[in-house]
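Reader: I have a sequence and a model open side by side. Could you walk me through what can be read from them?

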Amino acid sequence: LHENGFHQPQYGKVDTNIVYFALPDSCSLSKEEFAMRLKKEYGVLVGYGYSRGGNLFRACTHMDVSDRDVDYAIESLLQLASKQE
């Protein structure tokens with residue numbers, strides 16, 4: 001995600017099954033609209049409003065989430081963030 005303009009605390013290091021990220025500056029969607037459309041259009045659920053400024057999203061995996069599912073979620077994030085609607 002970091003390589004595609006998404007902002008991640010701790011430089012994207014992941015030590016748990018939880019990933020925090022902020023939208024790239026190029027994304028024109030509000031955080032509320034991004035989360036809503038990500039769920040509606042791609043079936044990917046993320047939480048938002050984390051951090052003091054409320055700009056971070058949270059994605060969390062579960063033992064039933066496969067590597068393929070994670071790849072799909074990342075691709076969904078990238079596709080939606082690049083839409084200019």
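**Confidence, sheet and salt bridges**

Author: Happy to. The protein chain averages a pLDDT of 87, and 88% of the residues score at least 70; pLDDT is the predictor's confidence in each residue, from 0 to 100. This is a predicted model, in which local features need pLDDT of at least 70 and side-chain atom pairs count only at pLDDT 80 or more, while totals for chains, interfaces and linings use all residues. Residues are numbered from 1 along each chain as its sequence is written, and side-chain values use heavy atoms, with hydrogens and water left out.

Reader: Which element has the highest mean pLDDT?

Author: Elements here are DSSP runs numbered from the N terminus: helices (H or I) of at least four residues and strands (E) of at least two. Among the elements of the protein chain, S1 has the lowest mean pLDDT, 87. The highest, 95, belongs to helix H1 (residues 31–42).

Reader: In what order do the three strands lie in the open sheet?

Author: Two strands count as paired if DSSP finds at least two bridges between them. S1 and S3 are joined in the antiparallel sense by four bridges, and S2 pairs with S3 (residues 56–60), also antiparallel, through three bridges. The order is therefore S1-S3-S2.

Reader: Why is one side of S1 and of S2 left without a neighbour in the sheet?

Author: Strand S1 (18–21) and strand S2 (47–50) each have a single partner strand, so one side of each has no neighbour in the sheet. In other words, both stand at the edges.

Reader: Is arginine 37 buried or partly exposed?

Author: Buried means under 20% relative accessible area, exposed over 50%, and partly exposed in between (1.4 Å probe, protein chains only). Arginine 37 has a relative accessibility of 8%, so the residue counts as buried.

Reader: How far apart are the N and O atoms where arginine 37 meets glutamate 33?

Author: A salt bridge is a side-chain nitrogen of Lys or Arg within 4 Å of a carboxyl oxygen of Asp or Glu. Arginine 37 and glutamate 33 are four residues apart in helix H1, so about one helical turn separates them. Glutamate 33 counts as partly exposed, at 30% relative accessibility. Their side chains form a salt bridge with an N to O distance of 3.7 Å.

Reader: Which residues are linked in the network of salt bridges?

Author: Glutamate 41 forms a salt bridge with arginine 37, with the closest N and O atoms 2.7 Å apart. Glutamate 41 also forms one with lysine 83, at 3.2 Å; this pair links distant parts of the chain, helix H1 and the segment after H2, 42 residues apart. The network consists of Glu33, Arg37, Glu41 and Lys83.

Reader: Where is aspartate 69, and how far in space from valine 44?

Author: Aspartate 69 lies in helix H2 and is partly exposed, with a relative accessible area of 37%. Aspartate 69 and valine 44 are 25 residues apart in sequence. In space, C-alpha to C-alpha, the distance is 9.5 Å.
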